[in-house]
Amino acid sequence: MDALENLHQRVSIPALEGPAPTAEQLENMYRAALRAPDHGAIQPWRFLNVQDEARNRLGELFLQAAGEGVSLSEEQQAKYRNMPLRAPLIIVAIASTREHPKVPHSEQVIAAGCAVQNMLLAAHAQGLGAIWRTGEFAYNTTVMAGLGLQAGEEIVGFLYVGRPMRKRTPPAVDISAFVSDWG
């Protein structure tokens, strides 16, 4: 796929099905992630692959986090348990920041976000569907602890990846609504 076409046509695909990406496709996604802009070359990111039975364990972790201090109906419990089953693979993208004399925390988190964007583009270029989700669980301390995050780490997103169940056409964009000349 032409690089500009990939950039112009990529859209989030929420309706995903199996199979999960092949090992080669996943390697391409990670190779793209590692090419993200990275001031200081400190690689402030890491990723967790959640697939197969691990998706059920992630659903239980989501349920545990959602149920803290509240009573959940059976329907609500099923909703949280099933959230990770919306795709055959979920990649937990983690900003793994550290003290650095020249690279502030915010730049490190942005770099991790750029790595995720590169993964989305690599997925699209390979005919995969993907969507970057955050939501309440990306910021939940129970979820972070359950996934093994350490001090200085935060979840920048859950990247759901699979085969698109249907094609999505990108909406038209009006560039002039976002760009102006200065000075």
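These legends go with several close-up views of a predicted model.

**View 1. Helix H2 packs against helix H5.**
Here we zoom in on two helices, H2 (residues 23-33) and H5 (residues 105-125). A pair like this is described by two things, the angle between the axes and the distance between them. For H2 and H5 the angle is about 145°, and the axes are 7 Å apart. As for the handedness, H2 passes H5 in a right-handed crossing. On the H2 side, look for Asn28, Met29, Tyr30, Ala32 and Ala33. Their partners on H5 are Ala115, Asn118, Met119, Ala122 and Ala123. Sort these contact residues by class and you get eight nonpolar, two polar and no charged.

**View 2. Helix H3 crosses helix H4.**
Next up are H3 (residues 53-66) and H4 (residues 74-82). Their axes come within 7 Å and cross at roughly 135°. Angles over 145 degrees would count as roughly antiparallel, and 65 to 115 as roughly perpendicular, so H3 and H4 are called oblique to each other. The crossing of H3 past H4 is right-handed. From H3, the residues in the contact are Gly59, Glu60, Phe62, Leu63 and Ala66. They meet Gln77, Tyr80 and Arg81 of H4. This contact is made up of four nonpolar, two polar and two charged residues.

Where does proline 19 sit? Find strand S1 (16-17) and then H2, because proline 19 is in the loop between them.

**View 3. Alanine 41 has a positive phi.**
To spot alanine 41, trace the loop that runs between H2 and strand S2 (45-51).

The largest pocket has a volume of about 240 Å³. It is lined by 15 residues, and those closest to its centre are Gln9, Ile13, His124, Lys167 and Arg168.

**View 4. The structure holds one cavity of 30 Å³ or more.**
The largest cavity contains about 40 Å³ of space. Around this cavity you can pick out Arg10, Val11, Ile13, Leu120, Ala123, His124, Leu128, Gly129 and Ala130. Which element gives the largest share of the lining? That's H5, with three residues. H5 and strand S4 (129-133) each supply at least two residues of the lining. By class, the lining of the largest cavity has six nonpolar, two polar and one charged residues. Some names here turn up in other views too: Ile13 and His124 are also among the residues closest to the centre of the largest pocket, and Ala123 also takes part in the contact of H2 with H5.

Notes: Residues are numbered from 1 along each chain as its sequence is written. This is a predicted model: local features need pLDDT of at least 70, side-chain atom pairs count only at pLDDT 80 or more; totals for chains, interfaces and linings use all residues. Side-chain values use heavy atoms; hydrogens and water are left out. On a 1 Å grid over the protein atoms alone, a cavity is a set of points where a 1.4 Å probe fits but cannot get out, and a pocket is an open set with protein on both sides within 12 Å along at least five of seven lines; lining residues have an atom within 4 Å of a point. Grid points are joined across faces, edges and corners, and a volume is the space filled by probe spheres set on the points. Axes are lines fitted to C-alpha atoms, for helices over the stretch in contact, and angles run from 0 to 180 degrees between N-to-C directions. Helices (H or I, at least four residues) and strands (E, at least two) are DSSP runs, numbered from the N terminus. A crossing is left-handed if the near helix is turned anticlockwise from the far one by less than a right angle, and right-handed if clockwise. Contact means heavy atoms within 4.5 Å. Ala, Val, Leu, Ile, Met, Phe, Trp, Tyr, Cys and Pro count as nonpolar, Asp, Glu, Lys and Arg as charged, and the others, Gly among them, as polar. Angles under 35 degrees count as roughly parallel, over 145 as roughly antiparallel, 65 to 115 as roughly perpendicular and the rest as oblique.
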